[in-house]
Amino acid sequence: MDFNFSEQEKMLQKMARDFAIKSVRPLAAEIDSSGQFPSALAKEIGKRGYQGLPYPAQCGGSGVGYLGYALVLEQLCQASMTVGAIMAINTVPQEAIFRFGSEQQKQAFLSPLARGELLGGIAFTEAETGSDPKDITAASKKNGDGYVITGQKQFVALAPVADLLLVFARGEGKGLNAFIIDTSSDGYNVREPCQTMGLRGLGTSVVYLDEVYVPWQNLIGKEGQGFEILLEAISLGRLGVAVEGIAVAQAALEFSLGYARQRKASGRPIAQLPTIQWHLAEMASRIEAGRWLVYRTAFLRDQGLDIKYESSVAKLFASQVAVEVTRMAMQVGGSYGTMKTMEVERLYRDAKMTEIYVGVSEIQRNIIAEHLIE
Ligand SMILES: Cc1cc2nc3c(=O)[nH]c(=O)nc-3n(C[C@H](O)[C@H](O)[C@H](O)COP(=O)(O)OP(=O)(O)OC[C@H]3O[C@@H](n4cnc5c(N)ncnc54)[C@H](O)[C@@H]3O)c2cc1C
């Protein structure tokens, strides 16, 4: 692995940073406090070509690969984890279509998603399960030239605004089927977004699928291949959350550095206290370690390799980094850090989400341990 970025990657990173600082960061607190989905920003990241970064131009993408995707996502999430998560979630159905879809499905679904013309999400979690696909109860039944899907999906990010959803439902035979559902279909109903502690404004909602008709052309892969598709697509989802964790941690470190330089105790900046310096050094070293783990995972995907194990390791570690680093940043901020008006209070809440969504840490440990002992 080359640890030096190409000129193109450096340029991509710089442009994303400039955009994030100028256009995303000023809106981050408002998105968090209002809980409103930032529609204009979502359109803007599409126009900039950020919605299909890993995929080739013939699929509507920007063709900068998974490392390019990680570099841009990191900059967006440093400004607002919600805004970055919109891009990361929209990429998950694209990954499924890119790996398993037919040419016709790539043109019909992947291209408009990658170009930012449509927005997509993934619906896997149900009321009774978020961790075990064996417990999925949403059902798909053959009906004429297509399927009818019935079930309830929980915590579906982007649900009120998505045009398409990658939905997993039990087939009539063994196993899961993966479908692209058009959210304008009859029987697709969304409840009010859930009031989550972090990642606010993502439109995370309960979705009811009440006999939603899906043409056979929307079945991704083969019947019964849904579990395999889920594992592939979700490994990119895990890489995305790992990037989110590192970005939030970096934002917390930058907050802490700024605060520690200007806040005085006994007449001198707290940055001069060994205890504060200890926190800053711990934060920086954990972020460095996590960041390279994340970049390496993206690099491996660019080599066409499977990243199921690596993305679990990266998500587990990066989410721990996010939680630990934001906890230390709160400590540096003292009482001021706990105030709603301080950026670090939002970072602390967003950080916790990375240990939960797209697979809790316990599931990541299960995946890692199974890989080690197989
Ligand atoms: C903001 C947000 C956005 C989300 N977006 C989406 C989305 O777009 N699409 C989607 O499908 N889902 C989404 N989710 C759902 C999320 O991915 C799941 O909630 C998550 O995977 C955990 O599932 P659960 O809540 O059912 O936890 P459970 O499976 O009920 O687990 C609860 C706890 O039990 C323990 N546990 C459970 N199973 C095991 C096991 N096998 N081994 C060890 N311990 C275990 C763990 O400690 C775990 O934390 C989102 C959630 C949030 C909060």
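Me: Which residues are the closest to the ligand, and how many surround it?

Reply: This is a predicted model, and in it 25 residues surround the ligand, the closest being Phe124, Thr125, Gly130, Ser131 and Glu362. By class, the shell divides into 15 nonpolar, nine polar and one charged residues.

Me: Where in the protein do the residues of that shell come from?

Reply: Domain 2 (121–222) and domain 3 (227–373) each give at least three residues to the shell around the ligand. Looking at the elements, β1 (120–123), β3 (146–156) and α10 (361–373) each supply at least two residues of it.

Me: How do you know that domain 1 touches domain 3?

Reply: Two residues are in contact if their C-beta atoms lie within 7 Å, and by that rule 21 residues of domain 1 are in contact with 22 residues of domain 3. On the side of domain 1 that touches domain 3, α1 (7–34), α3 (65–79) and α4 (81–100) each supply at least two residues, and α4 gives the most, with ten. The residues on this side of domain 1 are 13 nonpolar, four polar and four charged.

Me: Why is α4 called roughly antiparallel to α6?

Reply: Helix α4 packs against helix α6 (residues 226–262) at an angle of about 160°, with their axes 8 Å apart. Because angles over 145 degrees count as roughly antiparallel, α4 is roughly antiparallel to α6. Their crossing is right-handed. Among the residues that make the contact are Ala88, Val92 and Arg99 of α4, together with Leu236, Gly240 and Glu244 of α6. In this contact, eleven residues are nonpolar, four are polar and four are charged.

Me: What makes α6 roughly antiparallel to α9?

Reply: The axes of α6 and helix α9 (residues 343–353) cross at roughly 155° and come within 10 Å. Since the cut-off for roughly antiparallel is an angle over 145 degrees, α6 is therefore roughly antiparallel to α9. The crossing of α6 with α9 is left-handed.

Me: Which residues of α6 and α9 meet?

Reply: Gly245, Val248, Ala251, Ala252 and Phe255 in α6 meet Glu343, Val344, Leu347, Asp350 and Ala351 in α9. Sorted by class, this contact has seven nonpolar, one polar and two charged residues, with Gly counted as polar.

Notes:
Residues numbered from 1 in each chain as written. Predicted model: local features only at pLDDT ≥ 70, side-chain atom pairs only at ≥ 80, totals over all residues. Near = placed C-beta within 6 Å. Helix = DSSP H or I, 4+ residues; strand = E, 2+ residues; numbered from the N terminus. Domains from an automatic or database assignment. Axes fitted to C-alpha atoms, helices over the stretch in contact; angles between N-to-C directions. Parallel < 35°, antiparallel > 145°, perpendicular 65-115°, else oblique. Left-handed = near helix turned anticlockwise from the far one by under 90°.
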